[in-house]
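My notes follow the order in which I searched.

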Amino acid sequence: MHHHIRKLLKSALKREVCRTAFITWYVLLFVLSSIPGKEAPKLAFLLSDKIAHTIYFCIGSTALLLTLLQHPSRHYSLPCVFLACVAMACVVGGFDEWHQT
């Protein structure tokens, strides 16, 4: 019984860490998006902006993926998790573009 409780607490901690990582990622995105383009640091190589966006959204998708996979009562299929991550990237990307205008 004690082992079962410890396992549940460990699982809850993992969920909270994953959820916190995703929320932190989203808040950081919102803050960085608030910096006017003229004041934002410039990256020095070709397509660096696109590469930075890709990396940043991969980090966010990974945080969401880990959050969904840590859910205690649901076992999402991998295609559903993948679609949720793609949908999240589209919604957050659209909001980010709107927020920058």
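The entries below begin with the ground rules and then take each search in turn.

**Ground rules.** I am working on a predicted model, in which local features need pLDDT of at least 70 and side-chain atom pairs count only at pLDDT 80 or more, while totals for chains, interfaces and linings use all residues. Residues are numbered from 1 along each chain as its sequence is written, and side-chain values use heavy atoms, with hydrogens and water left out.

**Salt bridges.** I searched for a side-chain nitrogen of Lys or Arg within 4 Å of a carboxyl oxygen of Asp or Glu, and the structure holds 1 salt bridge of this kind. Glu16 and Arg19 form the bridge, with 2.5 Å between their closest N and O atoms. I noted that the two residues are 3 apart in helix H1 (residues 2-33), so about one helical turn separates them; helices here are DSSP runs of H or I with at least four residues, numbered from the N terminus. I then checked exposure, taking buried as under 20% relative accessible area, exposed as over 50% and partly exposed as in between, with a 1.4 Å probe and protein chains only. Glu16 is partly exposed at 40%, and Arg19 is also partly exposed, at 35%.

The search of the whole structure gave 1 cavity of 30 Å³ or more, and the largest cavity holds about 40 Å³, a volume being the space filled by probe spheres set on the points. Its lining consists of Tyr26, Leu29, Phe30, Ser33, Phe95, Asp96 and His99. H1 and helix H3 (78-100) are the elements that give two or more residues to this lining, and H1 gives the most, with 4 residues.

**Aromatic contacts.** I counted rings of Phe, Tyr and Trp (its six-membered ring) as paired if their centres lie within 6.5 Å, with planes under 30 degrees apart stacked, over 60 edge-to-face and the rest tilted, and the whole structure has 8 aromatic pairs. Trp25 and Tyr56 have ring centres 5.4 Å apart and planes at 25°, so I recorded the pair as stacked. Because Trp25 lies in helix H1 and Tyr56 in helix H2 (residues 48-69), this pair ties together parts 31 residues apart in sequence. Trp25 is buried at 5% relative accessible area, and Tyr56 is buried at 16%. Tyr56 also pairs edge-to-face with Phe57, the centres being 6.4 Å apart and the planes at 85°. Finally, I noted one aromatic cluster formed by Phe22, Trp25, Tyr26, Phe30, Tyr56, Phe57, Phe95 and Trp98.

Terms used: On a 1 Å grid over the protein atoms alone, a cavity is a set of points where a 1.4 Å probe fits but cannot get out, and a pocket is an open set with protein on both sides within 12 Å along at least five of seven lines; lining residues have an atom within 4 Å of a point.
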